[in-house]
Amino acid sequence: MLITSTSNPQIKEIRKLRERKARSASGMYYIEGLRIVGEAVDQGERIEHLIIAPELLISDYGQNLASQFRQNGGEVLEVSRQVFESFSLKEGPQGIAAVLKQKWTPLSSVMVSPGNCWVALDSIADPGNLGTILRTSDSTGCQGVILLDQSTDPYDPSCIRASMGALFNQKLVKANFEEFFNWKHSINVPVVGTSDKAEQNYHRYRFPSSLVLLMGSERQGLQPHHFDLCDAVVRIPMMGISDSLNLAVATGVVLYEILNQKQEAE
C-alpha cells in the first residue's frame, strides 16, 4: 500500500530521526541514497525498514535492492513523492532510504589486541569531522572510535554522509572520561595524545604496536587531565602562520604515520 499522507504515524517517526533526541530515545537512525543504503545492505546492517518512492526510484540497482530486501523478509514502505520529499535530506532525492538500529559496543568489552589501534575523541563537536575521522580510521585499519563525554552523535546525518559508509565497519563506544581512565588502566593499553605543547615530533616517535590515539576537542585540544593519562604526547610541526590543524586532518596525519610504521615493521 502506497503511503500518501505526510501525517502518517510511521512517516512522523521517520521525520523525527533528524533530531538527536529522537535518535537517542528510539535507538534508530536514518540514511538516504543509493550508495549508503546499498552499503548498509551489503554489510548486513540491522535495517528496520526500507523506504522507497516508486516515482523517484528510477535506478535499476535501487529497484533490485528493494526487491531483494523484500524477498528476504524485510519491510519495505512505499511512499508517494510528496511524502518522501517531506523527510528527505537531499535536494534531488533518489527515492530510497532506510531506518536502521544503532550499534554501540560497551567499553568494558573492548580489548586492544596486538597490532590494533583505536581512536578516542574527547568532546568532538562537529559531526562532519567525526564522519571524516571514522572514514580515516577505517582506511588505516583501526577497529573503532571511543567517544568521550559530550561528543557529537555519530548517527547525525552529516556524520553519516562524511563517513562514506565507514560507519558500518567501525565499532562505536560511548564513555565518560572516568570510565575511559579506569578501562585504560584495567587492560594496560598505551594511550598516545597529540598537542602543540608536546616536544616529541610525531614522525620521530615510535608508536606502540597496539594503542589508543587520544585527540582533544576542536576548541580546547587536550586538557591537563588528558596529559596525565597519556603514556606519550606528540606534536605535528607547523611551518606557516597557522598554529593548529583541523581535528579530522590532524587525526588523519597521525593515523597514517601509525599505519606506515606498522607496515615498515612487517
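Let me start with a term we need today: a salt bridge is a side-chain nitrogen of Lys or Arg within 4 Å of a carboxyl oxygen of Asp or Glu. What we have on screen is a predicted model, and by that rule the count comes to ten salt bridges.

First, the overall picture. The protein chain has 266 residues, of which 51% count as buried, and it is built with ten helices and twelve strands. Its C-alpha trace spans about 65 × 40 × 35 Å along the principal axes. As for charge, there are 25 positive and 30 negative side chains, with the centres of the two sets 3 Å apart.

Now, some of those bridges. Glutamate 13 pairs with lysine 16 at 3.2 Å, N to O. Both sit in helix H1, three residues apart, about one turn of the helix. Glutamate 13 is partly exposed, at 46% relative accessible area, and lysine 16 is partly exposed too, at 44%.

Next, please find arginine 81. Which glutamate does arginine 81 meet at 3.6 Å? That is glutamate 55. This pair links distant parts of the chain: arginine 81 is in helix H5, while glutamate 55 lies in the loop between strand E3 and helix H4, 26 residues away. Arginine 81 is partly exposed at 37%, whereas glutamate 55 counts as exposed at 55%.

Arginine 81 also forms a salt bridge with glutamate 85, at 3.1 Å. These two are separated by about one helical turn, because they are four residues apart in helix H5.

Note on methods
Residues numbered from 1 in each chain as written. Predicted model: local features only at pLDDT ≥ 70, side-chain atom pairs only at ≥ 80, totals over all residues. Heavy atoms only, no water. Buried < 20%, exposed > 50% of the residue type's maximum accessible area, 1.4 Å probe, protein only. Lys, Arg positive; Asp, Glu negative; His and termini not counted. Charge placed at Lys NZ, Arg CZ, Asp CG, Glu CD.
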